[in-house]
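Me: I'd like to learn how to read a model like this one. Could you walk me through it?

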Amino acid sequence: MRHSDFWRLMEDEFGAGYARVLASTLVLTSVGGRTAVEALKAGQNPRTVWLAVCDMQDVPPERRLGKDRPLKD
């Protein structure tokens, strides 16, 4: 997963404004007690960080892949 995918998933799930706030304030124990922003800057895999956010925020499994988007031609 790329960083852009991480941010797309965050915005899809939490909204554009709140996604950035959540990523910079929610401490994720499973990535070393860092926020998502700190974990990404430290080189953590974006997928690992996304799943840590999902676990902390009780995102149901069926929403962890993000919204369906039409295929680009």
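Reply: Let's go from the whole chain down to single residues. This is a predicted model, where local features need pLDDT of at least 70, side-chain atom pairs count only at pLDDT 80 or more, and totals for chains, interfaces and linings use all residues. Residues are numbered from 1 along each chain as its sequence is written, and side-chain values use heavy atoms, with hydrogens and water left out.

Me: How many helices and strands are there in the protein chain?

Reply: Helices (H or I, at least four residues) and strands (E, at least two) are DSSP runs, numbered from the N terminus. Here you get four helices and two strands, in the order α-α-β-β-α-α along the sequence.

Me: What does the radius of gyration of the protein chain tell me?

Reply: The radius is taken over C-alpha atoms, and you hold it against the globule rule, 2.2 Å times the number of residues to the power 0.38. The protein chain comes out at 12 Å, close to the 11 Å from the rule for 73 residues, so it is as compact as a globular protein of that length. Along the principal axes, its C-alpha atoms fill a box of roughly 40 × 25 × 20 Å.

Me: And what share of the residues is buried?

Reply: Buried means under 20% relative accessible area, exposed over 50%, and partly exposed in between (1.4 Å probe, protein chains only). In the protein chain, 34% of the 73 residues are buried.

Me: How do I read contacts by sequence separation?

Reply: A contact means heavy atoms within 4.5 Å. Among contacts between residues at least 6 apart in sequence, 47% join residues at least 24 apart. Leu65 lies in the segment after α4.

Me: Is Leu65 buried or exposed?

Reply: Leu65 counts as exposed because its relative accessibility is 71%.

Me: What about phi angles?

Reply: Most residues other than glycine have a negative phi. Asp58 has a positive phi of about 55 degrees although it is not a glycine. You'll find Asp58 in the segment after α4, and it is exposed because its relative accessible area is 66%.

Me: Where is Ala42, and how far is it from Asp58?

Reply: Ala42 sits in the loop between α3 (36-41) and α4 (46-57). Its C-alpha atom is separated by 24 Å from that of Asp58, 16 residues apart along the chain. Ala42 is partly exposed, since its relative accessible area is 47%.
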